[in-house]
Amino acid sequence: MSFFTQDMSGCLAEVIGSNGLSVHELTIMDKEAAAALSRLRPAVRSGTLPFARFDEATEALATTVEETYERLAADARTIMFFGCGAAGKVAQTIAQFGGWSIPGVMSGTQRRRPVTRFYNSADPVTLAGALSRSDLDKTRFVFVSKDGDVSTVAQLLAALEAVRQSGHGDNIASSFHVVTESAQSGKTNGLL
């Protein structure tokens with residue numbers, strides 16, 4: 001299974017007209033990209049570019065994303081993703097790759113899935129409003145933060161309090177999920 005696919009045909013002149021690339025131009029660019037990649041390979045092998053090793057884990061990641069979604073979606077009406085800054089964008093990206101009921105791309109299958117919402121703010125009024133309009137018994141919560149920053153912890157605490165006050169505190173263990181980096185010596189992470 002491939003997690004990512006790339007189709008360059010939509011950039012070709014034969015598809016989009018005179019502003020597109022010719023097959024010859026695309027061939028030249030492919031060769032330049034291949035040359036740049038071969039210059040980067042030694043750094044990838046040596047471990048100095050760890051982000052470049054992502055492709056080694058894509059199949060496992062795709063499987064994990066789908067399994068996680070299925071677990072989250074079981075008996076859920078809504079899945080709320082929380083995370084501030086870049087972490088919030090990571091949550092949206094993961095959901096987009098999974099096709100998790102994202103507006104604009106909803107197919108018939110996606111319409112039957114839980115509604116997906118994203119909150120990238122620690123503003124208490126915004127959070128209180130979002131949480132008060134949700135059926136908290138049928139909502140799953142995902143908190144994404146690289147290092148458990150104070151903003152995401154504030155979001156987590158607001159959601160925990162709302163769920164407790166709604167009388168669904170018994171569901172917290174199965175309804176709340178955290179995505180963060182592993183514990184590291186000497187580093188505090190508010191989500192661990």
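Contact is defined here as heavy atoms within 4.5 Å, and helices (H or I, at least four residues) and strands (E, at least two) are DSSP runs numbered from the N terminus. The structure is a predicted model, in which local features need pLDDT of at least 70 and side-chain atom pairs count only at pLDDT 80 or more, while totals for chains, interfaces and linings use all residues. Residues are numbered from 1 along each chain as its sequence is written, and side-chain values use heavy atoms, with hydrogens and water left out.

The protein contains eight helices and four strands, arranged from the N terminus in the order α-α-α-β-α-α-β-α-β-α-α-β. Of its 192 residues, 32% are buried, that is, under 20% relative accessible area with a 1.4 Å probe and protein chains only. Among contacts between residues at least 6 apart in sequence, 65% join residues at least 24 apart.

Helix α7 comprises the 16 residues 150-165. At the N-terminal end, α7 is capped by Asp149, of which a side-chain oxygen lies 3.0 Å from the backbone nitrogen of Ser151. Just after the helix, Gly167 adopts a positive phi of about 85°. The buried residues of α7 are Thr152, Val153, Gln155, Leu156, Ala159, Leu160, Ala162 and Val163. These pack against the strands β1 (78-82), β2 (115-119), β3 (139-144) and β4 (176-179), and against the helices α6 (124-132) and α8 (172-175).

A nonpolar core is a set of buried Ala, Val, Leu, Ile, Met, Phe, Trp, Tyr and Cys residues joined through side-chain atoms within 4.5 Å. In the largest such core, of 18 residues, Phe82, Leu131, Phe141, Phe143 and Phe176 touch the most other members. At least two residues of this core come from each of β1, α6, β3 and α7, and α7 gives the most, with six. Leu131 touches Met80, Phe82, Leu136, Phe141, Ala158, Ala159 and Ala162, when residues up to four places away in sequence are not counted. Apart from this core lies another, of 10 residues, among them Leu72, Ile79, Phe81 and Val144.

One cavity of 30 Å³ or more is present. A cavity is a set of points, on a 1 Å grid over the protein atoms alone, where a 1.4 Å probe fits but cannot get out, and lining residues have an atom within 4 Å of a point. The largest cavity has a volume of about 40 Å³, taken as the space filled by probe spheres set on the points. Its lining consists of Asp147, Glu181, Ser182, Ala183, Gln184, Lys187, Thr188 and Asn189.

How values were computed:
The expected span of a helix is 1.5 Å times one less than its number of residues. Buried means under 20% relative accessible area, exposed over 50%, partly exposed in between (1.4 Å probe, protein chains only). A polar contact is a pair of N or O atoms within 3.5 Å; within protein, one must be able to donate a hydrogen and the other to accept it, and residues adjacent in sequence count only if both atoms are side-chain atoms. On a 1 Å grid over the protein atoms alone, a cavity is a set of points where a 1.4 Å probe fits but cannot get out, and a pocket is an open set with protein on both sides within 12 Å along at least five of seven lines; lining residues have an atom within 4 Å of a point.
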